[in-house]
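Dear colleague,

Please find below the structure that I am handing over to you. My notes on its salt bridges follow.

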Amino acid sequence: MSVKRSNDVAEAPHTAVIPQPAKNTKKDTDIVLPDDVWSEIVPFVDFKGLPALACACKTTRDAARDEDMLARDKVYVLRCWLALGGKEDTLRRRYWDEETEEWKMRDEPSDNLAEWLGVTVEGGRVTKLNLSPLATGESLTGTIPAEIGALDGLTYLSLHENQICGHLPSEIGRLTSLKNLCLYGNRLEGPLPAELGALTALGTLTLDNDNFAGEIPSTLANLTNLEDLDLSDNNFYDPNFYIPDKGELRGKRQIQDFFAYFLNPMAKHELDDP
């Protein structure tokens, strides 16, 4: 019994490429393919456009990576803010109105990290976190959490003149891109973590007017880029260590002489002018 194909069904165009059996060739014999073969093998490739294609792929990959890092930063900024005693609603809604020069609240919480209080985003990372009362409109009373170390894109961190208490976590040493660390005027206590010495990019370190105690870690001598250092008005104790008053340490030369004396109290170093 034969089956008759309906005339309503259009026949497929005869465009299929029928494979041909391979031919034996002598060793070292060049095989020349006709030009139209390439159109069948890779009809979608423009060889001249390959560099542009590779660049576009890299740009897309980098953008995806930046988006992932920014989403990660958002999580840790929120965690730090909450640990410091702030409220999520305030972080995401409060802003400074330049025209009226007063603090205001958005109608809805912003999901844009760059609009959050005290946060600066550059190149897909959080690079600055300024949570001083002047930048947030309130005084924070919590503690600095270990999660602060996850914000490793930071170059600037300022928590000064709040009422933050507790110890400075050792995870602060993970912020190796930091150039400015301002924690003065809080209620921070306990010894300084030796991990501070890992922040070799620091140019400014102000820890004055807190309640830090114990000995100052010798690792601070690793901070060879410091131009502004203030450790005054704390409870540090070291019989061989003089803590200069506020404003006495300025400039790399003076600070390094200070550390040289600290590491070798028997040496007769003097704090020279910068």
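**Salt bridges in the model**

R92 and E88 are 4 residues apart in helix α3 (residues 88–93), so about one helical turn separates them. Please note that this is a predicted model. The two residues form a salt bridge, in which the closest N and O atoms are 2.9 Å apart. Their surroundings may be described as follows. R92 has a relative accessibility of 18% and therefore counts as buried, because the cut-off for buried is under 20%. E88, with a relative accessible area of 33%, is partly exposed.

Helix α3 also holds R93 and D89, which are 4 residues apart and so are separated by about one helical turn. Their side chains meet in a salt bridge, with 3.2 Å from N to O. D89 is partly exposed, its relative accessible area being 35%.

Which side chain meets that of D73 in a salt bridge? The partner is R125, and the N to O distance is 2.8 Å. D73 belongs to helix α2 (residues 50–83) and R125 to strand β4 (residues 125–130), so this pair ties together parts that are 52 residues apart in sequence. Both R125 and D73 are buried.

The count for the model comes to 9 salt bridges. Those described above include R92 with E88, R93 with D89, and R125 with D73.

Yours sincerely,
A colleague

Definitions and conventions: Residues are numbered from 1 along each chain as its sequence is written. This is a predicted model: local features need pLDDT of at least 70, side-chain atom pairs count only at pLDDT 80 or more; totals for chains, interfaces and linings use all residues. Side-chain values use heavy atoms; hydrogens and water are left out. A salt bridge is a side-chain nitrogen of Lys or Arg within 4 Å of a carboxyl oxygen of Asp or Glu. Helices (H or I, at least four residues) and strands (E, at least two) are DSSP runs, numbered from the N terminus. Buried means under 20% relative accessible area, exposed over 50%, partly exposed in between (1.4 Å probe, protein chains only).
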